[in-house]
Each structure stands twice: as structure tokens, then as C-alpha cells.
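Open the model in your viewer and keep the selection panel at hand. Each stop below says what to select next and what is there.

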Amino acid sequence: MLINTVLVFLQNILPIFVVFSLLFAQQDARYKSRTMEASQLNKQSNKNEKNKLDYLPITYLLTTTGIGLIIVFLLSYYMPRLSQLLSGTGLEILFSILFSLIYCFIVISFLLHKTSSLKQWQDKTFFDQQTLTQQKALLSLAILLLVFCVHGSYFSLYVMSLTIQNTALDTLYSGIVVGVIIGTGICLSIAILLYFILITLAKKLRRQIVCYFLLLFGIGQLIQGLQLLEQVDIISSNAHLWNTNYLIAEDSELGYFLTILFGYEATPSAMELIVYLSAIIVPIFIVKIITYKQNSTASFMKGTS
């Protein structure tokens, strides 16, 4: 019971800690970059205000956590009914939509962070930058809420199923509590280690690497949603293109961490490979187009002035 609880906890709750670590690393990278700019421009009067804007407020995080817990309870409670909808595919369709929403919000956040680093955005007034920063903070909270709800509901369903099937509730609850404590310690250790690895990177590469890590995490969530649709035959599952289990087993500790971090798949199908590559290429291509247009506009305005 204890080992199963720890494994299920890591499988479902570790993605929450990972995305939390990535979001805070992204916030830290942006804050340090703006602090350097403010010190160079002697904008000390705005320093404290920007500090509040760049970091996710604790009250917002607590509110998001509270809302997430309510949604997790409702999802886990109604999961048996949801699974019976749409000819028994309602649950898979719902969670595939939620996984897709996680990816969509991460892509929007990726585009905002990449385009806001352009000189045209840096020349904007403080109020424009304030609005952009608030949008980034809201997106971060939305991403955190979705990941919390999706992965938290699976673990909540596991706990509820144990309480229904098991009669020795005292032993059961003690095993669950100890398992949660051990799992939380492991998740915290991994999240803190990942956070400090990211923030100790070179300053010029820190923001870029954190943005791409978060994008890869979102792609991993999208692939999970695709696999749910393949399980219920909504999307046809083709033959596996290759098998890398002999290098990194997908069910090993490293394989599972890589699956969470960037959607590692040891036996991908052609559909999964196409979706994975498209999910990487399309956001980068959009950023290139926006960058090209803004640079062209800036060059034109500079030439006419």
C-alpha cells in the first residue's frame, strides 16, 4: 500500500511540482533581467512596483490552490459518471481537452515572453509593460491551475477508490499519509533542484532556456492528451516507429522524469511524432514572423524619420 501510494503520487503530482518550478524560474529570470535594466536606467522608483508585478503574489497562489482543490474534488467525484458519457469515452475526451488547453496556454505564454523581449516592447511605457506583466502572471496562474486540476484529480480518484474498496481504514489512512509525505519530499527535492539548475544558467541564455523548457513541458501534456484519444480509438494508433526502451526505459525513474519534462516517448507512433514536431515548430515559426514584422516596421520608421 505504501509503495503503491508513493508511486501513484509521484506519477500524478510530480508534474505539478515541475511546472511550478518552471514557472517560478521563468518569473525569476524575467525579474532579474528587468532589475538590471532598471538599475542601468536609474529607475529606482519603479523597482519595488515591478518586483510585485513580476513575481506571482502569494495570495493569488493560495487562491489558485484553493480553486484547484475544489475542482479536483468535483472531477474525482464525478469521474465515474463522466466516463459513461459519449459511449464510454467522455472522461478521455474531457482530459484530452484539458491537456490541450495546458499546451495552448503555455504557447500563448511562450509567445508573450519571446515577443516582449524585443526592443519595441522594451521601449513601451511603464503602463504598457505593466499590462503585459499582468497578462503573463494570469497565464502562469491559469497553467498552474489546469495542471493542478488534471493531475491532482487522478491521485484523488486513486485515494477515493482505496477508501471504497478497503475496510481497514485506519491502516489505509496511515499508509496514504506516510506515502504522501514521502512523495512530497521527493517531489520537492526534484522541483528545487530543477529550479536552481535553471536559475544558475548563464544570464543571456536563462530566459530562453526556461521558455523552451516550459514549451516542451506543454508538448508533453499535449502528447498525453493524444494518447488518451488513441486509447479510445478516436485517433487511429499507427505502428511504432522505433523503440528506445533499451536505452531509457519509459517506466524507469529517468524515463518517467523525461516524460514529464518534455514528453519522452520510447515507442512513438507516426501521429505522435507529427504532433510533437508540429507543436515545436509552429510556435517558433510564429515568433520568427512576429520578430521579422516588428523589425521591418522599426527599420521603416527609422528610415523615414
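Axes here are lines fitted to C-alpha atoms, for helices over the stretch in contact, and angles run from 0 to 180 degrees between N-to-C directions. Helices (H or I, at least four residues) are DSSP runs, numbered from the N terminus. This is a predicted model: local features need pLDDT of at least 70, side-chain atom pairs count only at pLDDT 80 or more, and totals for chains, interfaces and linings use all residues. Residues are numbered from 1 along each chain as its sequence is written, and side-chain values use heavy atoms, with hydrogens and water left out.

**Stop one: H5 and H9.** Select residues 90–116, helix H5, and residues 203–231, helix H9. The axes of H5 and H9 are 8 Å apart, at an angle of about 160°. H5 and H9 are therefore roughly antiparallel (over 145 degrees). Sorted by class, their contact has 17 nonpolar, 9 polar and 3 charged residues. Ala, Val, Leu, Ile, Met, Phe, Trp, Tyr, Cys and Pro count as nonpolar, Asp, Glu, Lys and Arg as charged, and the others, Gly among them, as polar.

**Stop two: H9 and H10.** Show side chains: Phe213, Leu216, Phe217 and Gly220 of H9 meet Ile260, Leu261 and Phe262 of H10. Contact means heavy atoms within 4.5 Å. This contact has 6 nonpolar, 1 polar and no charged residues.

**Stop three: Leu139.** Go to helix H7, residues 126–165, and pick Leu139. Is Leu139 buried or exposed? Leu139 is buried, at 11% relative accessible area. Buried means under 20%, exposed over 50%, partly exposed in between (1.4 Å probe, protein chains only). Leaving aside neighbours within four places in sequence, Leu139 touches Phe105, Ile108, Ser109 and Leu112. The C-alpha atoms of Leu139 and Leu112 are 9.9 Å apart, across 27 residues of chain.

**Stop four: ring pairs.** The whole structure holds 8 aromatic pairs. Rings of Phe, Tyr and Trp (its six-membered ring) pair if their centres lie within 6.5 Å; planes under 30 degrees apart count as stacked, over 60 as edge-to-face and the rest as tilted. Select Phe73 and Tyr77: they are stacked, 6.1 Å centre to centre, with 20° between the planes. Both lie in helix H3, residues 58–82. Next, select Tyr195 and Phe196: this pair is edge-to-face, at 5.3 Å and 80°. Tyr195 is buried at 19%, whereas Phe196 is partly exposed at 46%. Finish at Phe9, Phe155 and Tyr158, a cluster linked by ring pairs.

Notes: Helices (H or I, at least four residues) and strands (E, at least two) are DSSP runs, numbered from the N terminus. Angles under 35 degrees count as roughly parallel, over 145 as roughly antiparallel, 65 to 115 as roughly perpendicular and the rest as oblique.
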